[in-house]
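Please have the sequence and the model open while reading.

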Amino acid sequence: MHMNVAPHLLTEDRAEYERVLDDALSTAHARPELAGVGSRLTVAQLRAMTLNATALVTSAAASEYDHFVKVREQNRASAGARDPDAHDRPGSGTGTGTGTGTGAGVVAIVTVMVPVLAGAAAVIFLLVGAVLHALAPTVAFGATLLTAGLVFGSLAAAGLLCAAAGLLVTALRNSPVEVSTGGPPAAPDDELSRAREAWRHALLERGILPFLRDALAAAPPAPTDP
């Protein structure tokens with residue numbers, strides 16, 4: 001069955017209109033004014049009638065709907081204005097971002113390789129120096145190798161500390177930023193939620209429920225068995 005679409009009801013809000021209608025029909029048993037659901041008209045019949053009368057039903061909440069649409073458009077416009085230069089950020093595909101990423105990669109490789117190489121050299125110098133010092137204690141070259149091994153060991157330790165500090169800084173820099181819920185940016189979302197809820201309430205109380213009551217009242221009563 002073809003269903004009319006209200007001229008002032010945007011396509012993106014059609015699903016919300018149907019959800020409000022379905023909620024009203026699903027709770028019809030708890031509303032005395034809708035006691036005729038199932039006897040005079042079925043839920044499917046009422047739903048089809050209400051969808052076909054979308055223009056009439058939604059006109060009862062036109063002012064709330066217009067306010068809701070206005071707030072939503074303002075919210076979208078402000079969200080777009082807060083991030084106008086996303087394509088210029090590092091890593092977004094521009095030349096500057098590529099250069100920055102390459103430089104950071106070289107620094108990271110150097111930071112990792114320095115303690116590894118220094119540690120390997122320290123182990124070699126310490127082992128060779130210890131062996132020479134044990135075999136020939138009077139030879140000064142063994143003591144020199146031991147001293148060099150200690151120097152490279154200190155360099156490896158310092159490199160490990162620098163690498164750990166770099167990893168910590170990178171992790172903190174890339175961590176997601178929490179948006180405060182108590183600041184001004186949250187206000188548009190709150191206003192949008194209030195506007196949507198006001199439209200839903202007006203649509204239900206002034207549009208859908210009165211239409212369902214009128215439809216039930218105009219329907220002939222179901223025939224009773226003799």
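Is Glu16 buried or exposed? Glu16 counts as buried because its relative accessibility is 13%; buried means under 20% relative accessible area, exposed over 50%, and partly exposed in between, with a 1.4 Å probe and protein chains only. The model is predicted, so local features need pLDDT of at least 70 and side-chain atom pairs count only at pLDDT 80 or more, while totals for chains, interfaces and linings use all residues. Residues are numbered from 1 along each chain as its sequence is written, and side-chain values use heavy atoms, with hydrogens and water left out.

**Helix 1**

- The buried residues in helix 1 are Arg14, Glu16, Tyr17, Val20, Leu21, Ala24 and Leu25.

**Aromatic pairs**

- Rings of Phe, Tyr and Trp (its six-membered ring) pair if their centres lie within 6.5 Å; planes under 30 degrees apart count as stacked, over 60 as edge-to-face and the rest as tilted.
- By this rule there are three aromatic pairs.
- One of them is the tilted pair of Tyr65 and Trp199, with 5.0 Å centre to centre and 50 degrees between the planes.
- That pair links distant parts of the chain, since Tyr65 is in helix 4 (residues 62–81) and Trp199 is in helix 7 (residues 186–218), 134 residues apart.
- Tyr65 counts as buried because its relative accessibility is 2%, and Trp199 is buried because its relative accessible area is 1%.
- Phe68 and Trp199 form a stacked pair, 5.7 Å centre to centre with 5 degrees between the planes.
- This pair also links distant parts of the chain, Phe68 in helix 4 and Trp199 in helix 7, 131 residues apart.
- Both Phe68 and Trp199 are buried.
- Through ring pairs, Tyr65, Phe68 and Trp199 are linked into a cluster.

**Salt bridges**

- Side chains of opposite charge can pair when their charged atoms come close.
- The whole structure holds 11 salt bridges, each a side-chain nitrogen of Lys or Arg within 4 Å of a carboxyl oxygen of Asp or Glu.
- Arg72 forms one of them with Asp13, and the closest N and O atoms are 2.7 Å apart.
- Arg72 lies in helix 4 and Asp13 in the segment before helix 1 (14–26), so this bridge ties together parts that are 59 residues apart in sequence.
- Arg72 counts as buried at 6% relative accessibility, and Asp13 counts as buried at 3%.
- Arg19 and Glu16 meet in a salt bridge of 2.5 Å, N to O.
- Both residues, Arg19 and Glu16, lie in helix 1, three residues apart, about one turn of the helix.
- Arg19 is partly exposed because its relative accessible area is 44%, whereas Glu16 is buried at 13%.
- In helix 4, Arg76 and Glu73 are three residues apart, so about one helical turn separates them; their side chains meet in a salt bridge of 3.6 Å, N to O.
- Arg76 is partly exposed at 44% relative accessible area, and Glu73 is partly exposed at 38%.
- A network of salt bridges links Glu12, Asp13, Arg72, Glu73 and Arg76.

Notes
Helix = DSSP H or I, 4+ residues; strand = E, 2+ residues; numbered from the N terminus.
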